[in-house]
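The sequence and structure are shown first.

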Amino acid sequence: DAVTGSTALILRFTSDALEARLVDGSTPVGATRAEAAQTFCGMMFSEAWSSDTDGFPLPKRCRFRPSYTASGVTTSEAELEFEPGRGLRPTTRYQLVMNVKAAAPLAAGAVVAHLTATGDSWRQPNAALEASD
């Protein structure tokens, strides 16, 4: 089925060992969806690349979600929301560069982040189209 609403790409940090930072190195402040803005995308990501000839799709808005704890794991999220029909495309490679501070040593092979692409992100914010392990 084709996605008719806005879509989102969510980078979920699932370890206290990593702390997301803005491009200028400062600590991001959590924002609600209503507070998210396109100008914040440039504050979050220093580079964006795509193998698509049209380049990386322009996000509608970006935000850092306020941290939350579930099952004893503190989680923070960086979210990019795209206009309907203007999000990520199948079989296309994407790269984003952002600052992250290592707050503690990491074990080899530790999973510290998950990537999720969602469809119709306002009507079904937790419905993943594709997710990393």
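## Strand 5 and its surroundings

Arg61 has Glu81 of strand 5 as its bridge partner. Helices (H or I, at least four residues) and strands (E, at least two) are DSSP runs, numbered from the N terminus. The model is predicted: local features require pLDDT of at least 70 and side-chain atom pairs pLDDT 80 or more, while totals for chains, interfaces and linings use all residues. Residues are numbered from 1 along each chain as its sequence is written, and side-chain values use heavy atoms, without hydrogens and water.

Strands are paired if DSSP finds at least two bridges between them.

| Pair | Sense | Bridges |
|---|---|---|
| Strand 1 and strand 5 | antiparallel | 7 bridges |
| Strand 4 and strand 5 | antiparallel | 8 bridges |

Thr7 lies opposite Phe82 of strand 5. In the hairpin of strand 4 and strand 5, 2 residues separate the strands, and Ser71 adopts a positive phi near 55 degrees.

Because 8 of its 10 residues are buried, strand 5 is largely enclosed by the rest of the structure; buried means under 20% relative accessible area (1.4 Å probe, protein chains only). Leu80 is in contact (heavy atoms within 4.5 Å) with residues including Thr7, Phe45, Arg61 and Leu96, leaving aside those up to four places away in sequence.

The chain averages a pLDDT (the predictor's confidence in each residue, from 0 to 100) of 85, and 87% of the residues score at least 70.

Definitions and conventions: Buried < 20%, exposed > 50% of the residue type's maximum accessible area, 1.4 Å probe, protein only.
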